[in-house]
Amino acid sequence: MPPLDETPAPTSGARTLLHRLRLIDGSGRPPVPDAALLIEDAVIRWAGPASALPSDLAPMARVDLGGRTVCPGFIDAHVHFALPGPAGNPLQGLYELPSYRTLKVLDRLRVTLENGVTTARDLMGLDAGFRQAVAERRIPGPRLLVSVTMLSQRAGHADFTLAGGIDGLAVAVTFPESPRSLVGSVDDMRSRVRDLVAAGADCVKLATSGGVTSPHDRPEWLGLRPEMIRAAVEEAEAYGGLPVAAHAIGRPGIEAAVRSGVTSIEHGYALDEELRAEMVDRGQYLVPTLLETTQDLDPARTSPSAYEKGVRWHRIAQESVARSAAAGVPIAMGTDSGLAVGHGRNLEELGLLVRIAGLTPMDAIVAGTSGAARLCGVADVTGTLEAGKAADLVVTDVDPLAAIASLGEPGHILAVVKEGRIAVDRAGLFGGGSLPALCP
């Protein structure tokens with residue numbers, strides 16, 4: 001790896017041709033049955049029918065994929081790598097040093113990448129140092145976008161201050177020097193967003209409704225007040241148009257977020273036809289996080305209040321999302337991994353988008369590739385397999401259009417390539433050093 005004060009070395013011009021493959025490029029176009037894909041260092045130089053490959057693009061190496069399907073690397077637009085999922089208790093952080101918590105995060109990043117996610121948006125918990133370490137290939141993981149923290153008012157969804165005075169959020173997900181999460185006024189909101197920009201945030205995460213797990217509120221309650229949401233959106237727009245993601249479950253919080261101009265509604269369980277139409281008009285995305293709603297709730301691992309809220313609102317979520325999709329609300333894949341969902345199960349969301357939301361398999365793939373890339377502001381880098389984009393791809397032994405739920409099973413993710421480097425090769429498809437390892 002490069003020295004600490006340098007970025008990775010310049011590209012060398014090495015070309016590798018992947019051929020005898022079935023190409024699903026993430027655009028929504030029909031698959032190309034006998035396709036080829038030419039990788040030059042970290043980017044795609046050419047993709048399309050093998051018969052149309054220009055003769056002047058001679059590769060240095062060839063990889064025969066034997067008719068297997070290649071999709072873009074998937075994008076999870078809503079994860080929490082600092083949280084342990086069902087494998088642990090967030091309050092375990094009380095007994096752990098930040099350095100130890102960091103090491104656990106590294107394993108979650110690795111398993112998520114190896115199971116098909118090459119870009120992930122962490123919406124509370126990780127700072128920009130993790131993004132830098134991944135970008136410099138010091139650690140394996142998806143390309144990271146970070147919100148650093150989530151903003152809410154006192155007694156809102158970012159307030160996990162327990163009765164004994166312990167800040168549950170701080171011990172669970174934050175690292176030293178993270179900007180504080182609680183906001184008290186419009187001016188304070190502007191200051192907090194500027195703090196996040198200074199901390200390197202790629203997006204702003206707001207809580208415009210209460211939540212299931214937070215101790216002081218309920219999903220049907222309004223969270224941040226509209227004037228505070230508008231201030232955050234204005235500041236984010238002024239700083240290069242940073243996307244603003246709104247945790248919004250109940251209608252008051254969704255309405256405030258939609259009409260204040262946020263980029264995406266995260267969860268959106270109580271959407272109605274009026275608000276769906278407004279989202280369509282504004283081009284606002286819904287990230288429905290269905291995987292979170294399908295987990296069996298364990299009353300032994302949560303408070304009675306959180307258990308009751310979860311049972312009720314997960315049912316509402318599953319009844320609502322198909323109507324949102326049918327209304328034409330743009331949908332991007334997100335899983336909320338780290339809460340009730342274990343890390344590395346992200347692609348199970350694709351099957352749920354078909355089974356529960358009523359998307360076609362191709363539409364679900366778009367939601368997890370080019371759609372999520374547009375939402376996250378990285379569509380010029382990734383999300384489709386076409387010339388000039390990063391060589392982020394997944395090789396599978398199933399037809400996703402016939403058995404999309406199978407992508408959620410790691411055994412069907414034969415290989416993952418990120419920026420032209422092998423993250424995992426379970427089937428030994430890239431033998432002979434045809435592509436370099438992601439983290440040598």
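Which residue in S7 is the bridge partner of Ala120? The close-up views below, taken from a predicted model, include that pair.

**View 1. Strands S5, S6 and S7 form an open sheet.** The sheet has three strands, ordered S5-S6-S7, and their pairing is parallel. The edge positions are taken by S5 (74-79) and S7 (143-146). Each of these two has a single partner strand, so one side of S5 and one side of S7 lack a neighbour in the sheet. From one strand to the next, the twist averages 15°.

**View 2. Strand S6 is paired with strand S7.** S6 covers residues 117-122, and four bridges join S6 to S7 in the parallel sense. The bridge partner of Ala120 is Leu144, in S7.

**View 3. Helix H5 packs against helix H6.** H5 consists of residues 226-238 and H6 of residues 251-260. Their axes are 9 Å apart and meet at an angle of about 40°. The crossing of H5 past H6 is right-handed.

**View 4. Residues of H5 and H6 make the helix contact.** H5 contributes Pro226, Ile229, Arg230 and Val233. From H6 come Ala256, Ala257 and Ser260. By class, the residues of this contact of H5 with H6 are five nonpolar, one polar and one charged.

How values were computed:
Residues are numbered from 1 along each chain as its sequence is written. This is a predicted model: local features need pLDDT of at least 70, side-chain atom pairs count only at pLDDT 80 or more; totals for chains, interfaces and linings use all residues. Side-chain values use heavy atoms; hydrogens and water are left out. Two strands pair if DSSP finds at least two bridges between them. Axes are lines fitted to C-alpha atoms, for helices over the stretch in contact, and angles run from 0 to 180 degrees between N-to-C directions. A crossing is left-handed if the near helix is turned anticlockwise from the far one by less than a right angle, and right-handed if clockwise. Contact means heavy atoms within 4.5 Å. Ala, Val, Leu, Ile, Met, Phe, Trp, Tyr, Cys and Pro count as nonpolar, Asp, Glu, Lys and Arg as charged, and the others, Gly among them, as polar.
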